[in-house]
Amino acid sequence: MTMTRRDALAGSLLAATALVGVAPASAAAANSVGSETLPPPTHTAAEAGTASPTPAAEPVCLTDFEPLAQAKMSHLAWEYVNSAAADENTVRWNREAYQKIRIKPRILVGVDQLDTRVTLFGHEHAFPILLAPTAEQELTHPEGELATARGANAAETSFVLSSFSTKSIEDVAAVAKLPFWFQLYAQSDHEFTRHLVERAQAAGAKALCLTVDTPVAGARNREERIHFALPPGLTLPNLSGYKALGADNSGAHRPTGRDIFSKTLDAALSWKDVEWLRSFAKIPLLLKGVLNPDDAERAVQAGVAGLIVSNHGGRNLDTVPATIDALPLVAERVAGRIPVLCDGGIRRGTDVLKALALGANAVLIGRPYVYGLAVGGEAGVAKVLTILQREFQQAMALTGRTKVSEIDKSVIWG
Ligand SMILES: Cc1cc2nc3c(=O)[nH]c(=O)nc-3n(C[C@H](O)[C@H](O)[C@H](O)COP(=O)(O)O)c2cc1C
């Protein structure tokens with residue numbers, strides 16, 4: 001965000017409550033989301049035959065998108081996106097833990113000028129908020145990851161593209177106007193993994209996020225109950241040519257989610273692979289899925305460029321702690337040697353503020369933008385982001401913090 005835009009945003013934050021007041025120029029007017037208008041108030045979940053509460057006519061916060069998305073999504077897609085592992089304790093704790101943290105404001109600071117920018121790996125970001133990698137977005141919207149990339153452009157946000165995207169790295173890269181990162185599910189076939197990394201680099205990815213919390217799939221009971229399978233016609237183009245998948249990626253065969261996972265996760269993944277990836281990767285390597293401070297220390301020693309404190313949105317190992325509870329321990333151990341990012345349960349601008357206060361350099365959101373994608377395609381993604389950005393500005397202003405570097409532990413009560 002430039003000085004001019006920052007001033008405009010800060011000014012409008014104080015002057016207006018309408019979303020349009022703080023949306024980037026490319027985003028939409030107050031009661032539509034760009035080219036796609038939100039469903040009319042009559043489009044209720046009840047009419048769609050679901051048990052969700054009646055959706056708000058116009059989403060004004062991230063959780064408002066959930067019932068709207070459920071009403072639009074197939075049952076299969078909803079169960080896939082919304083579900084988590086086993087008894088779904090961790091996914092609930094991710095939210096509850098943020099809600100328990102109290103904020104300590106400062107008054108009379110003068111908050112007419114807000115600077116929300118952060119720099120990560122040499123690139124400036126308008127806000128300390130990115131889109132987390134989420135697989136198989138065509139389940140949610142026909143334009144899938146292309147719509148997400150356009151929505152991210154409109155909200156001046158970087159996104160992390162999943163290895164398991166339903167649009168190819170190259171097609172998504174062609175749409176992205178800001179630096180994007182690539183999430184890597186390393187394959188046991190090293191030749192193929194190297195090929196994937198080189199494809200991402202050639203397409204212009206600015207960082208590589210190796211997912212380290214998924215050597216095997218978790219107990220995704222809700223996916224199992226619906227016999228989750230990629231619908232006909234959906235493929236994972238980044239994996240095309242991968243011999244281990246055989247016919248599974250051709251579209252002719254309908255693999256179950258488990259089939260895909262059992263063939264594309266590497267249970268042998270170890271620190272040796274981190275070393276191997278570092279030996280040829282030309283872009284910064286981050287580890288995604290770190291919770292244990294001892295692993296964080298080991299990662300710093302291994303020379304990785306950054307960490308993402310994540311429990312995969314509670315989708316892998318139920319009853320691991322909320323990420324906001326793990327974050328301070330990881331950040332304390334890392335002690336500023338490399339950037340630490342955090343995801344999981346972030347739904348409010350105050351959550352972003354709390355994560356930064358407890359040691360994150362930036363945060364990522366997952367499900368909320370997938371719901372935005374379901375509701376309004378690219379404009380829905382942009383709207384989710386502009387709402388969160390506006391709330392973050394409000395949280396900064398109302399705690400008396402005018403720049404991101406001023407957000408530290410002193411903003412937490414007690
Ligand atoms: C539908 C869905 C698909 C996901 N796919 C991936 C993936 O392909 N790779 C990955 O590293 N994490 C994946 N994640 C985890 C997210 O990157 C992120 O850690 C999580 O969604 C953050 O929690 P939140 O949804 O509460 O914001 C996925 C999450 C969801 C909800």
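## Model and overall fold

This is a predicted model, in which local features need pLDDT of at least 70 and side-chain atom pairs count only at pLDDT 80 or more, while totals for chains, interfaces and linings use all residues. Residues are numbered from 1 along each chain as its sequence is written.

The protein has 14 helices and 10 strands, taken as DSSP runs numbered from the N terminus (helices H or I, at least four residues; strands E, at least two). Of its 414 residues, 51% count as buried (buried: 20 or more other C-beta atoms within 10 Å of the residue's own; exposed: 12 or fewer; partly exposed: in between; C-beta atoms placed from the backbone). Among contacts between residues at least 6 apart in sequence, 70% join residues at least 24 apart; a contact requires C-beta atoms, placed from the backbone, within 7 Å.

## Helix H13 and its surroundings

In H13, 9 of the 9 residues are buried, so the helix is largely enclosed by the rest of the structure. The cover over these residues includes helix H4 (89-100), strand E3 (129-131), helix H12 (323-334), strand E9 (340-343), strand E10 (362-365) and H14. After H13 comes Gly359, with a positive phi near 120°.

The axes of H13 (residues 349-357) and H14 (residues 367-399) come within 7 Å and cross at roughly 60°. H13 and H14 are therefore oblique to each other (under 35 degrees is roughly parallel, over 145 roughly antiparallel, 65 to 115 roughly perpendicular, the rest oblique). On the H13 side, Gly349, Thr350, Val352 and Leu353 meet H14 residues including Leu388, Phe392 and Ala395. The residues of this contact divide into 6 nonpolar, 4 polar and 1 charged.

Glu88, in the loop between H3 and H4, has a positive phi near 60°. Glu88 is partly exposed, with 16 other C-beta atoms within 10 Å.

His312 has a positive phi near 65° and is found in the loop between strand E8 (306-309) and H12. With 23 C-beta neighbours inside 10 Å, His312 counts as buried.

Definitions and conventions
Axes fitted to C-alpha atoms, helices over the stretch in contact; angles between N-to-C directions. Contact = placed C-beta atoms within 7 Å. Nonpolar A, V, L, I, M, F, W, Y, C, P; charged D, E, K, R; others polar.
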